[in-house]
Amino acid sequence: MKKKFAIFLIVLLTAATLLTACKSNEKASSNEKDGELEAYEITWYTIGTPQKDVDKVFEEVSKYTKEKINTTVKLKQIDWGDYDQKMQVMIASGESFDIAYTAGGNYVLNAQKGAFKGLNQLLDSHGKELKAALDPAFLEGAKIDGELYGIPSNKEVGQQSVYVFNKNLVDKYNMDVTSVKSLQDLKPLLKTVKENEPNFTPIATFKPYLPFDYVLEDEMPFAFPIDGETDKVVNIYESDIMMETLKTMHEYYKAGYIKADAATSTDPWPLEVENWFVRKEMYQPTAELLWSRSAGYDVLVQPMHDPITFNNSVTGAIQAISATSKNPERAMMFLNLLNTDPYLRNLVDKGIKDIHYEEVDNGKIKDLPARVENYNMPSYSLGNHFILKLYENDPEDKWEQFKSFNDASSPAPTLGFYFDTTPVRTEIAAIANVSQEFAPALLTGSVDPEEFLPKANQKLKEAGLDKVLKEIQKQYDEWKKNIK
């Protein structure tokens, strides 16, 4: 969590460097020579544990893209815990690259600071098939002041927080997880695990679900309520639901259901390590099959709420073209191909047929050991899901389920509203520091909220909270007026 806030501050405070770096690279790219595309190599940064077979797979990718658009592709993976910070250093230094994975607040802030290239014209000129293939909610929802700065992964458009349970323990103790409707409902299940399974931690560290539509990062205090007065920004740390939730988390912490070092731990709780009972994840249709496949044992899911389309869900996985790219047109051509060509999309995602996966009945696939061990890529981050091959245990109507899920997702209060932090950047930086001081301990239940919430709120006010709330409300009201 500390690293996350450090990254947030880096993004806020490097605007001048970004703009200078971007302007220094504003040169017309050469796409054609004598009517033919010139050869070009794309540098693509993405998130995930670096895989042993990336170079082997992308040798095949480059053979295909060379034939299609005279382009080769160099994929560079940066591990989960390091990705955001390393990308911010690269962006601030003006390093030249073509495409990078980004998401959520980092996407918005970097776009606002000039790190990413505006794509409206490029999409129309070099991405027409891509534009037709993606759900319009993604393309419209990811626009900032009318301009698109990245290509979202075409997948679930809404977010649905779910509890994920280790099915082995659920079955062993005959638990009814369908009865879990709230954080408090977990209590008897956690008690059973704690008393009988010394090798398991009842809760894999998570931040509790709270019914808010966050303006910035979800540990920052600014948000609009999902229910009730949804047009008024509030300080979440002054809300009744926050106090009630944090009391429950602290009760669980004192009972030993949460690890003692939860506030400072960087443990990612990998699924394949079976040492947890319940965790919180974001759901997509049939995700339990994907998680079970990744874990090597079965899991169960229980929703916390109906799906909601947030800014973070339409910007949850984006490929942005860098403002420093020497050939943004070619980068868009590659993204167009990646998101519309089933062969390329599956090659990037699943690896090489008969090496990393094999086909079974009806064109479905199953992973071979080489994929699990050497090319286990994060599918969500790589592009259009709707042209991916189905696994052997996937339902035939998987993508129809996704479409139904998307149709059922309701818009959050601020969908399409992106706060410009410029007028209050100093205050936000100070507030981020306060949040970094208090949020990790509070949200993991590590401290008593009745003692620490008042201290946090006092420091937030001293850091300029009220000024920021006023500026958010002003911008939101103006945005709301303009979209009607």
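A cavity here is a set of grid points where a 1.4 Å probe fits but cannot get out. The model is predicted, and it holds 3 cavities of 30 Å³ or more. The largest cavity contains about 80 Å³ of space.

Which elements each supply at least two residues of the lining of the largest cavity? They are helix H4 (83–93), strand E5 (99–102) and helix H5 (104–112). Of these, H4 gives the most, with 5 residues. Sorted by class, the lining has 6 nonpolar, 4 polar and 1 charged residues.

The second topic lies further along the chain. Two packed helices are described by the angle between their axes and the distance between the axes. For helix H11 (residues 240–254) and helix H19 (residues 449–462), the angle is about 135° and the axes are 10 Å apart. Angles under 35 degrees count as roughly parallel, over 145 as roughly antiparallel, and 65 to 115 as roughly perpendicular, with the rest oblique. H11 and H19 are therefore oblique to each other. The crossing of H11 past H19 is right-handed.

Which residues meet where these helices pack? From H11 come Met-242, Met-243, Leu-246, Lys-247 and His-250, and from H19 come Pro-449, Glu-450 and Leu-453. By class, this contact of H11 with H19 has 5 nonpolar, 1 polar and 2 charged residues.

How values were computed
Residues numbered from 1 in each chain as written. Predicted model: local features only at pLDDT ≥ 70, side-chain atom pairs only at ≥ 80, totals over all residues. Heavy atoms only, no water. 1 Å grid on protein atoms, 1.4 Å probe; cavity = no way out; pocket = protein on both sides within 12 Å on 5 of 7 lines; lining within 4 Å. Points joined across faces, edges and corners; volume = space filled by probe spheres on them. Helix = DSSP H or I, 4+ residues; strand = E, 2+ residues; numbered from the N terminus. Nonpolar A, V, L, I, M, F, W, Y, C, P; charged D, E, K, R; others polar. Axes fitted to C-alpha atoms, helices over the stretch in contact; angles between N-to-C directions. Left-handed = near helix turned anticlockwise from the far one by under 90°. Contact = heavy atoms within 4.5 Å.
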